[in-house]
Amino acid sequence: LQERSHINQLHLQRIKQEANTHLPVFAMHPGTHQGAQVALHFFEPRYKILIRRCWEGNKRFLFCATTPREGARAVVVNTHTARFLSDGRANIVGTGEQEVVLGRTWIEEGTGGLVYSTVDTLDA
């Protein structure tokens, strides 16, 4: 039982660390910039997943003006409010916090195309 508890604690610690270094990516031209207010309406299935995870987690996602790929620039958005509609769509308001460069980028299986990317560690 102690060993299982230790394994669970390590897994939870890894998830918490990744929450600041593995972020979902919203891609739409023209993007945003640091310090800008961001107001969006999420309606695509992949972005409904993004905002639900974001809101229930650290409130952060990446906003990229181009197709997400390693080396592309993006802005970390800190979500301040999210109003969820009954069908999962959401209206959000946040602020562009920090410009970053995307690291390893991938599409998470089973999400309808939701892209994730690594970034350097962000302040919590």
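Residues are classed by relative accessible area: buried means under 20%, exposed over 50%, and partly exposed in between (1.4 Å probe, protein chains only). By this scheme Asp87 is partly exposed, with a relative accessible area of 40%. The model is predicted, with local features requiring pLDDT of at least 70 and side-chain atom pairs counted only at pLDDT 80 or more, while totals for chains, interfaces and linings use all residues. Residues are numbered from 1 along each chain as its sequence is written, and side-chain values use heavy atoms, with hydrogens and water left out.

The fold contains an open sheet of seven strands. Strands and helices are DSSP runs numbered from the N terminus (E, at least two residues, for strands; H or I, at least four, for helices). The strand order is β2-β5-β4-β3-β1-β7-β6, with mixed pairing; two strands pair if DSSP finds at least two bridges between them. Strands β2 (37-42) and β6 (105-107) form the edges, each pairing on one side only. From one strand to the next, the twist averages 40 degrees. Angles run from 0 to 180 degrees between N-to-C directions, and axes are lines fitted to C-alpha atoms, for helices over the stretch in contact.

Strands β4 and β5 run antiparallel and are joined by 11 bridges. Val75 stands opposite Glu99 in β5. Helix α2 (residues 45-56) packs on the sheet. It touches β1 (22-27), β2, β3, β4, β5 and β7 (115-118), where contact means heavy atoms within 4.5 Å. The direction of α2 makes about 80 degrees with that of β4.

Six salt bridges are present in the structure. Each is defined by a side-chain nitrogen of Lys or Arg within 4 Å of a carboxyl oxygen of Asp or Glu. One of them pairs Glu97 with Arg60, the closest N and O atoms lying 3.2 Å apart. This pair links distant parts of the chain, with Glu97 in β5 (residues 90-101) and Arg60 in β3 (residues 60-64), 37 residues apart. Glu97 is partly exposed at 29% relative accessibility. Arg60, at 11%, is buried.

Arg73 forms a salt bridge with Glu99, the closest N and O atoms being 3.1 Å apart. Here too, distant parts of the chain are linked: Arg73 lies in β4 (residues 73-84) and Glu99 in β5, 26 residues apart. Arg73 is exposed, at 55% relative accessible area. Glu99 is partly exposed, at 42%.

Asp87 forms a salt bridge with Arg89, with 2.7 Å between the closest N and O atoms. Arg89 is partly exposed, at 29% relative accessibility.
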